2 protein chains.
Amino acid sequence: MRLAALVSGGKDSMLALHIAAKEHEIACLVGVIPENPESYMFHTPNLHLLDAIASCLNLPIFKVPTPGREEEEVEDLAKALQILRVDGIVIGGIESEYQRSRFAKVCEKIGIEMIAPLWHQDPRKIMEKVVKDFEVIFVRTAAMGMGEEWLGRKIDEQVLKELKELNRKYGIHLAGEGGEFETLVLDAPLYRKKIVIKSYDIIRDANSSTMIVKDYALEEKS
Amino acid sequence: MRLAALVSGGKDSMLALHIAAKEHEIACLVGVIPENPESYMFHTPNLHLLDAIASCLNLPIFKVPTPGREEEEVEDLAKALQILRVDGIVIGGIESEYQRSRFAKVCEKIGIEMIAPLWHQDPRKIMEKVVKDFEVIFVRTAAMGMGEEWLGRKIDEQVLKELKELNRKYGIHLAGEGGEFETLVLDAPLYRKKIVIKSYDIIRDANSSTMIVKDYALEEKS
């Protein structure tokens, strides 16, 4: 099938894209354009890097404006997706039944398939794949035991060990499905180039720290 | 017909979109993603505002990565346009036969119409429409008599008068078709919101000055 891949810049959507790409053609990416970048940024950091990710993957990206209210987002996407000549859309959802069921309804309505390769997968297995094949950093933390010092850290074996420990201690979700953290994929098997961060800001509030990339470059992969 | 509109952020593509929208449905915007934003920015300033323009128009935008070499850009676009369910594409070209003929070939190849409402139109008439209905500023100047002080100026009656004088004195093209200037559309009849620039940088070289928008907001129209 010819698929569009919904991407946020984070590990789940990128991993889902890679899994789907083994069996299907990924024709383009799909992302959201928040109407108010500042407020939205807080929930989905570094959406402004979606263009860079599209360049890394050498794929066009279809961006859909949304006022940033979750209840309208799926409808906005549905309307826009009808313009694309694709047979389906791949999404990165792991456990959110709310999101999955609304997406499924939209896909049925416009007559395309919904592919959710990570749906109900073991978070540990997901994170092991991320460690093995991707270069992913934390860009937002909002959980006990995950302070600002986690921002920019690459998800590797050591990080996974610490996450498992925090999972035991505080019950944080290993893959951050409870909003404990957000990530950004700097390199992936299908990237032709990788993203190198040159400078960033950190935004803090009482419950979270967020890293906003200011300057970056796309560099050749060695 | 259902059209995609190729946009750069400047006056010509936005005016072409508005003219086409009188007879056709504009389904989405199409823009390019330069692989190297810094170098590209110099030729097409403020491409990073295309997402804001899409939000203003409440239209999805389809962005196509390109290495930024003109000869490859049209091919990249052609390949990507095949993913869109549209009957044609509207472009803002006025006089560049090189660009028009290459676009025409691409459109023929993928079986869509090319609409070029400004093609061979009188530059004076084009600029009069811009003055009347749009809020457009200069974001790059590269011509005799057009120094840095022109950056950020709105194209109004007075500016048009001065441009006509510069046309007589130095032969500059009234609509900037010779690369004399580049523009950015902050407001237009089909914008639901308008772009308000909050801060910018100016980049200078021996022959030109370029205004790069750093921060902006989308504001309600009065």
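Let me start with a salt bridge between the chains: B:Asp51 pairs with A:Lys63, and their closest N and O atoms are 2.4 Å apart. Keep in mind that this is a predicted model.

Which elements of chain B give two or more residues to the side that touches chain A? They are strand 2 (25–34), helix 3 (50–57), strand 3 (61–66) and strand 9 (209–220) of chain B. Strand 3 of chain B gives the largest share, 5 residues. By class, the side of chain B that touches chain A divides into 18 nonpolar, 3 polar and 7 charged residues.

Now the extent of this interface. The size of an interface is often given as the accessible area lost when the parts come together. For chain B and chain A, about 2,300 Å² is buried between them, and 55% of it is on carbon and sulfur atoms. B:Glu35, B:Ile83 and B:Arg85 supply 28% of the area that chain B buries against chain A, more than any other three residues. In terms of contacts, 28 residues of chain B meet 28 residues of chain A.

Next, inside chain A. The domain assignment gives domain 1 (2–115) and domain 2 (123–220) of chain A. Their C-alpha centres lie 20 Å apart. The contact takes 26 residues from domain 1 of chain A and 35 residues from domain 2 of chain A.

Between them, the two domains of chain A bury about 2,600 Å², 69% of it on carbon and sulfur atoms. How many salt bridges does the rule find across the interface of domain 1 and domain 2 of chain A? It finds 0.

On the domain 1 side of chain A, helix 1 (11–21) and helix 3 each supply at least two residues that touch domain 2. Helix 1 of chain A gives the largest share, 8 residues. That side of domain 1 of chain A has 14 nonpolar, 9 polar and 3 charged residues.

Last, a single residue. A:Asn46 sits in the loop between helix 2 (37–41) and helix 3 (50–57) of chain A. Is A:Asn46 buried or exposed? Its relative accessible area is 0%, so A:Asn46 counts as buried. A polar atom of the A:Asn46 side chain lies 2.8 Å from the backbone nitrogen of A:Val213.

Methods
Residues numbered from 1 in each chain as written. Chains lettered and ligands numbered in written order. Predicted model: local features only at pLDDT ≥ 70, side-chain atom pairs only at ≥ 80, totals over all residues. Heavy atoms only, no water. Helix = DSSP H or I, 4+ residues; strand = E, 2+ residues; numbered from the N terminus. Buried < 20%, exposed > 50% of the residue type's maximum accessible area, 1.4 Å probe, protein only. Polar contact = N/O pair within 3.5 Å; in protein donor to acceptor, adjacent residues only side chain to side chain. Domains from an automatic or database assignment. Contact = heavy atoms within 4.5 Å. Buried area = accessible area lost by both parts, 1.4 Å probe. Salt bridge = Lys/Arg side-chain N within 4 Å of Asp/Glu carboxyl O. Nonpolar A, V, L, I, M, F, W, Y, C, P; charged D, E, K, R; others polar.
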